[in-house]
Amino acid sequence: MKLNDLLKNNRSYRSFYEAKKIDENIAFEILDAQKYAARGVNSQKLRYTLVLNEEKVNKITSFSRWAGKIPNDEGRPKEGHRPVMYIIVYSDKKAYSEIDEGIAINCIRLKAIEKNIGSCIVKSFNKEKVNSLVEKHEGFEISTVIAFGYPDHKSEIVETDNIDTKYFRDENGNYTVERISTEKISYVEL
């Protein structure tokens, strides 16, 4: 896939073919992409846990809130459509960098979509419960969980003049996300 295609397809996916598992070697390739992320002063302040165990994956899903702008928890993946893998991102308790984390997560997600594996960054989850499931990284705390699976729906961007952050789910479960056009949010000085 060309970079522009990867960027366009690197959307948040919230429903997956749960029966289609991610091969362990591919899962590690996806995680390994984090090492290519640019970092301020070559900071090594992030740690990761790759979770492929089905029981733990399902528990993490149950400990998470999905698609907060969709009413009645309808954005939560249903049984048969849940993610099949998580990467848990940990940050250094003393020197956290959201920028470094964001860049690393984007590298991981781009690698996944290159393999036709969708993902969703989940920031609303019960940290204590997730932490109780996995081995801990000493001196680090859970910051983000990223869900992965082969998507069973579409997610697309449409340009809008609306400054709200709305997104919609249609009767087929596909997502439409509104974004303001680049021309409307940028100045160009020549």
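Predicted model: local features only at pLDDT ≥ 70, side-chain atom pairs only at ≥ 80, totals over all residues.
Residues are numbered from 1 along each chain as its sequence is written, and side-chain values use heavy atoms, with hydrogens and water left out.

The protein has 6 helices and 7 strands, where helices (H or I, at least four residues) and strands (E, at least two) are DSSP runs numbered from the N terminus. Along the sequence these elements follow the pattern α-α-β-α-β-α-β-α-β-β-β-β-α. The radius of gyration is 17 Å, close to the 16 Å that the globule rule gives for 190 residues, so the protein is as compact as a globular protein of that length; the radius is taken over C-alpha atoms, and the rule is 2.2 Å times the number of residues to the power 0.38. Taken along the principal axes, the C-alpha atoms fill a box of roughly 45 × 45 × 30 Å. Of the 190 residues, 43% count as buried, a class that means under 20% relative accessible area, with exposed meaning over 50% and partly exposed lying in between (1.4 Å probe, protein chains only).

## Val-130 in helix α5

Val-130 belongs to helix α5, which spans residues 127-133, and is buried, with a relative accessible area of 0%. Leaving aside residues up to four places away in sequence, Val-130 touches Ile-60, Phe-63, Ile-88, Phe-125, Ile-142 and Val-145. Computed along the chain by position, Val-130 and Lys-59 are 71 residues apart, yet their C-alpha atoms are 8.0 Å apart in space.

## The loop between α3 and β2

Ser-64 lies in the loop that joins α3 (54-62) to β2 (85-92), and with 2% relative accessibility Ser-64 counts as buried. A polar atom of the Ser-64 side chain lies 2.6 Å from the backbone oxygen of Ile-60, which can be set beside the cut-off for a polar contact: a pair of N or O atoms within 3.5 Å, where within protein one must be able to donate a hydrogen and the other to accept it, and where residues adjacent in sequence count only if both atoms are side-chain atoms. Not counting residues up to four places away in sequence, Ser-64 touches Arg-76, Tyr-86, Val-122, Ser-124 and Phe-125.

Trp-66 lies in the loop between α3 and β2 and is buried, with a relative accessible area of 1%. Trp-66 and Lys-111 are 45 residues apart in sequence and 22 Å apart in space, C-alpha to C-alpha.

## His-153 and its surroundings

His-153 is found in the loop between β4 (140-149) and β5 (155-160), where a relative accessible area of 8% makes this residue buried. Polar atoms of the His-153 side chain lie 2.9 Å from the backbone nitrogen of Arg-14 and 3.4 Å from the backbone nitrogen of Ser-15. Beyond residues up to four places away in sequence, His-153 touches Ser-12, Tyr-13, Arg-14, Ser-15, Gly-173, Asn-174 and Tyr-175.

## A pocket is an open set of points on a 1 Å grid over the protein atoms alone, fitting a 1.4 Å probe, with protein on both sides within 12 Å along at least five of seven lines, and lining residues have an atom within 4 Å of a point. Grid points are joined across faces, edges and corners, and a volume is the space filled by probe spheres set on the points.

The second largest pocket has a volume of about 170 Å³ and is lined by 14 residues, of which Arg-14, Ser-15, His-81, Arg-169 and Gly-173 lie nearest its centre. The residues of this lining divide into 2 nonpolar, 6 polar and 6 charged.

Glu-24 is found in helix α2 (residues 24-32) and is exposed, with a relative accessible area of 61%. Glu-24 and Leu-52 are 28 residues apart in sequence, with their C-alpha atoms 7.9 Å apart in space.

Asn-116 lies in the loop between α4 (98-114) and β3 (118-122), and its phi is near 65°, a positive value in a residue other than glycine. Most residues other than glycine have a negative phi.

Methods. Contact = heavy atoms within 4.5 Å. Nonpolar A, V, L, I, M, F, W, Y, C, P; charged D, E, K, R; others polar.
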